[in-house]
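Subject: Structure handover and notes

Dear colleague,

I am handing over the structure we spoke about, and my notes on it follow below. Please keep it open beside this message while you read.

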Amino acid sequence: GEIPEGWEVKELPEVCDIVDCLHSKKPEYLPSSEKFLLQVCNIGDFHTLELSEKYFVSDEDYQEWTRNVEVNEGDCIITNAGLTGAIAQIPYGFFGGIGRNLTCIRPIKITPTYLLQFLVSSVGKKQILKNIDEGTIFSSLNVKGIRKIMILVPERRVMKKYEINTRALRYKIEVNVNEKAVLSNIRDLILPKLMSGKIRVPISENASGSP
C-alpha cells in the first residue's frame, strides 16, 4: 500500500546486523558457573526475557558461543525452531550469549523500540510467517529467511521522535516484568515454609475477630 513521503521499505539486513547462533553441539550444563546462554524457553511474556531457568555453561564454552555475538540492550532475539518466530528484546543492562535455535537482530540504522514494535506488529508477523519453512515434522525459520524480511523504515526524524516517546514505556515494562519475577521467587520460597509452620505470621486483633 501507500506509505508516507520519506518512508522506505527495505530488507532487514539493510538496517540491522543479523547474527546466527553457533551451530555446534550444545555445551554441557554446568550449574556451578555464573555464565549462561539464552535458550528458546527464555522468551517470555510481553517480548521480554524469562530467566527463571538459566542454562549455565563453563567460561570456555561461553567464550566459544559468544565469539559471533554477545547480545546486549536493544537487540532482539528470534527463535528458529520450537516456538518458531517468537521474539524478545534484550533489556537494559543485560549482556549474554545465545544458545541453539536463536538469532540476534541488532538495530543499526533504525531505533531499538521501533524494530521490536515492527516485528511484533501484524505486518511484521506476516513477514515472519511468510519466511518460515514448513517441514514434515516441525517448522523452522533460518537466517536466510530472516534476511528476507521486509521492514517499513520511517523518515529519520519521525523514528527518533517515536523512540523518545516509547522507550520509557518499554523500559517500564521490562522493570515490571523483572519485579514480578523477583516477587514470584520470594513467594515460592516463603509459601512452603508457611505451609509447614516453619514461619508463623502473627494474627492481629482485627484478624481474630475481636472488636
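The largest pocket has a volume of about 640 Å³, where a pocket is an open set of points on a 1 Å grid over the protein atoms alone, with protein on both sides within 12 Å along at least five of seven lines, and a volume is the space filled by probe spheres set on points that are joined across faces, edges and corners. This pocket is lined by 24 residues, of which L49, L51, V177, N178 and A181 are the closest to its centre; a lining residue is one with an atom within 4 Å of a point. The lining divides into 11 nonpolar, 6 polar and 7 charged residues, with Ala, Val, Leu, Ile, Met, Phe, Trp, Tyr, Cys and Pro counted as nonpolar, Asp, Glu, Lys and Arg as charged, and the others, Gly among them, as polar.

The second largest pocket has a volume of about 180 Å³. Its lining is made of 15 residues, and the closest to the centre are H23, N80, N101, L141 and N142; by class, the lining holds 6 nonpolar, 7 polar and 2 charged residues.

Before going on, please note that this is a predicted model, in which local features need pLDDT of at least 70 and side-chain atom pairs count only at pLDDT 80 or more, while totals for chains, interfaces and linings use all residues. Residues are numbered from 1 along each chain as its sequence is written, and side-chain values use heavy atoms, with hydrogens and water left out.

Next come the salt bridges. Side chains of opposite charge can pair when their charged atoms come close. A salt bridge here is a side-chain nitrogen of Lys or Arg within 4 Å of a carboxyl oxygen of Asp or Glu, and by this rule the count comes to 7. One of them joins R167 to E73, with 3.4 Å between the closest N and O atoms. That pair links distant parts of the chain, 94 residues apart, since R167 lies in helix α5 and E73 in the loop between β5 (71-72) and β6 (76-79); helices (H or I, at least four residues) and strands (E, at least two) are DSSP runs, numbered from the N terminus. R167 also forms a salt bridge with E174, at 3.5 Å between the closest N and O atoms. Through shared partners, E73, R167, R170 and E174 are joined into one network.

How far are these side chains covered? Buried means under 20% relative accessible area, exposed over 50%, and partly exposed in between (1.4 Å probe, protein chains only). E174 is buried at 9%, whereas E73 is partly exposed at 37%. In a separate salt bridge, E155 and R157 meet at 3.7 Å, N to O; E155 is partly exposed at 26%, and R157 is exposed at 59%.

Helix α2 (residues 112-119) is largely enclosed by the rest of the structure, because 6 of its 8 residues are buried, namely T113, Y114, L115, L116, F118 and L119. By contrast, E60, found in helix α1 (residues 59-65), is exposed, with a relative accessible area of 60%.

Finally, I190 has its place in helix α5 (residues 156-196) and is partly exposed, at 36% relative accessibility.

With best wishes,
A colleague

Key. 1 Å grid on protein atoms, 1.4 Å probe; cavity = no way out; pocket = protein on both sides within 12 Å on 5 of 7 lines; lining within 4 Å.
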